Amino acid sequence: MSVFEIIIGALILVISIIIIGVVLLQQGHRSGINGAISGGADTFLSRNKARTVDARLASWTKYIAIAFFVLALIANIIALQK
C-alpha cells in the first residue's frame, strides 16, 4: 500500500464517523397523530427552517456524503490502476 492509499483510507474512515454523528444528531420526522395535529404549525414555522440547527445539519449531511462518495470513487480508481 502506498502512502496515498493510506491517507485516502484514513479520510474515508474519518468522514464516515462524522457522517454517522451528523445523522444521529438530526431530529426524526414525526408521523401519525402527532404529525396530523402539528401539520398546521409546520407551514407557519417552516419560514425560518433555513435558520434552524436541523436544517444546517441536513445541509452538512449532503456535503459530507458528497465528500465520502468522491473519496470512495478516488480509492476505487486507485485500486483499479494496480
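User: What share of the 82 residues of the protein count as buried?
Analyst: Of the 82 residues, 16% count as buried. Keep in mind that this is a predicted model.

User: OK, what about the confidence, what's the mean pLDDT?
Analyst: The mean pLDDT is 82. A value of 70 or more is reached by 72% of the residues.

User: Which element has the lowest mean pLDDT, and which the highest?
Analyst: Helix α3, residues 39-45, has the lowest, at 54. Helix α1, residues 3-25, has the highest, at 94.

User: How many helices and strands are there?
Analyst: Four helices and zero strands. Along the sequence the pattern reads α-α-α-α.

User: And the contacts? Of those between residues at least 6 apart in sequence, what share join residues at least 24 apart?
Analyst: That share is 97%.

User: Switching to side chains. How many aromatic pairs are there?
Analyst: The count comes to one aromatic pair. Its members are Phe68 and Phe69, with ring centres 5.6 Å apart.

User: Why does that pair count as edge-to-face?
Analyst: The ring planes of Phe68 and Phe69 sit at 75°. The cut-off for edge-to-face is over 60 degrees, so the pair qualifies.

User: Is Phe69 buried or exposed?
Analyst: Phe69 counts as exposed, at 54% relative accessibility. Phe68 is partly exposed, with a relative accessible area of 24%.

User: Last one: what does the accessible surface of the protein come to?
Analyst: About 6,700 Å². Carbon and sulfur atoms account for 70% of that surface.

Methods. Residues numbered from 1 in each chain as written. Predicted model: local features only at pLDDT ≥ 70, side-chain atom pairs only at ≥ 80, totals over all residues. Heavy atoms only, no water. pLDDT = per-residue confidence, 0-100. Helix = DSSP H or I, 4+ residues; strand = E, 2+ residues; numbered from the N terminus. Phe/Tyr/Trp six-rings, centres within 6.5 Å; stacked < 30°, edge-to-face > 60°. Buried < 20%, exposed > 50% of the residue type's maximum accessible area, 1.4 Å probe, protein only. Contact = heavy atoms within 4.5 Å. Areas by Shrake-Rupley, 256 points an atom, 1.4 Å probe, with all protein chains shown as cover.
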